[in-house]
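Please keep the sequence and the structure in view while reading.

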Amino acid sequence: MQITQHAQILSCNHNNEGRNELRLSIGLLSGCTYSPEKDTNRAIVIAVSSRAIFDLEEEHRLFLEKGTEEFENHQRANENEPLKEGTAFNFIKAAQMVNEKLLEKNPQEKLLFDVILVSNNSPQSGSRIINSAKHYGLDITRFCFVNEEDSTKYLNSNNVKLFLSADKTDVCNALKRGIPAAMVFKQEVLAPSDQLRVVFDGDAVLFSDETERIFREKGLSEAVNYEKLQESVPIGEGPLKEFAMLLGELRKKFSLDNSPLCIYLMTSRSNRDMSARAIRTLRVWGLEVDEAFFLDGAPKGPILSQIQPHIFFDDGMHHIWGAQGVGTPAALVPSSC
Ligand SMILES: [Mg+2]
């Protein structure tokens, strides 16, 4: 359904302690596709921080160097000046495009992306963020301005399935709450493909880090032996498995060709020794990926530059840097918090 002008006050779920209530939660939609049928229990809820979706690095520096008051004055004075696009911007925009395709196929579709913007800004200075979302036509259903040391405490009650933030502490707190989460950095982003393309690393991202730990502690041959012994046992679940499964469910709604959504596995596992267990695990889970790359430790950047994904999840900083070097939006799933 196309709604050209729509504004609403929505509430993020709060806990019962008054002092912990969100200070303000506003949903504001204008000129974008919106499904009034969006079912928050079925939706794939993505919470994105303001610094992940917009480029707020200069403003963040002002906050760190000059303090809250100067920062808020600056934001209020520039509230009609749209913020530049941040690292996660294209990913969120592409998720919106997939929603449109899903609703074209089935106007009653319930499995849709639902985006929440979470910010540590005060509601007073947050108007620039809302205006920026409106400027770009972003279908963000809830804005949460949270004056809390740990803003992730509301994510579970909002049924969040992916949290993207520029703050490592917030990402770690979300992971500790069992919420798939990753950290984005300010980086150059090259224009991605028309399809929404999501690339997952294997170990410690989609899969558990059981084999990686053996590799680190005892070396490659022990890790390979372990894989052979465990051949028939699926690999444990990693921090982003639940989100990947939901993407997989959504992917099945489209045909093999011309899907607006594609899922990739890109792992350092070698094709010869360790790929079989990974493939078997995906089969047991029922997760169908469009393409899988077993790189045996080779750099991921060159292939990412061909795929042009909207987001690439990995737990290794060297792979994150490799992705950033080719303009791929990269998101770190911290292996230690
Ligand atoms: Mg890994």
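Of the contacts in the protein between residues at least 6 apart in sequence, 72% join residues at least 24 apart. The model under discussion is a predicted one. It describes a protein with 12 helices and 14 strands, and buried residues account for 45% of its 337 residues.

The next matter is the pairing of S3 with other strands. Strand S6, residues 113-119, runs parallel to S3 and is joined to S3 by 6 bridges. Within this pairing, isoleucine 44 stands opposite phenylalanine 113 of S6. S3 also pairs with strand S8, residues 160-165, again in the parallel sense, over 4 bridges. Here isoleucine 46 has leucine 162 of S8 as its bridge partner.

Leucine 102 belongs to helix H4, which spans residues 89-105. With 21 other C-beta atoms within 10 Å, leucine 102 is buried, because the cut-off for a buried residue is 20 or more. Leaving aside residues up to four places away in sequence, leucine 102 touches Glu109, Leu112 and Lys253. One of these, leucine 112, is 10 residues from leucine 102 in sequence, and the two are 7.5 Å apart in space, C-alpha to C-alpha.

The last stop is a pair of helices, H7 (residues 210-218) and H8 (residues 220-229). How are these two helices oriented towards each other? Their axes come within 7 Å and cross at roughly 150°. Angles over 145 degrees count as roughly antiparallel, and H7 and H8 are therefore roughly antiparallel to each other. The crossing in which H7 passes H8 is right-handed. On the side of H7, the contact is made by Thr211, Ile214, Phe215 and Lys218, and on the side of H8 by Leu220, Glu222, Ala223, Tyr226 and Glu227. Sorted by class, the contact of H7 with H8 has 5 nonpolar, 1 polar and 3 charged residues.

Methods. Residues are numbered from 1 along each chain as its sequence is written. This is a predicted model: local features need pLDDT of at least 70, side-chain atom pairs count only at pLDDT 80 or more; totals for chains, interfaces and linings use all residues. Axes are lines fitted to C-alpha atoms, for helices over the stretch in contact, and angles run from 0 to 180 degrees between N-to-C directions. Angles under 35 degrees count as roughly parallel, over 145 as roughly antiparallel, 65 to 115 as roughly perpendicular and the rest as oblique. A crossing is left-handed if the near helix is turned anticlockwise from the far one by less than a right angle, and right-handed if clockwise. Two residues are in contact if their C-beta atoms, placed from the backbone, lie within 7 Å. Ala, Val, Leu, Ile, Met, Phe, Trp, Tyr, Cys and Pro count as nonpolar, Asp, Glu, Lys and Arg as charged, and the others, Gly among them, as polar. Two strands pair if DSSP finds at least two bridges between them. A residue is buried if 20 or more other C-beta atoms lie within 10 Å of its own, exposed if 12 or fewer, and partly exposed in between; C-beta atoms are placed from the backbone.
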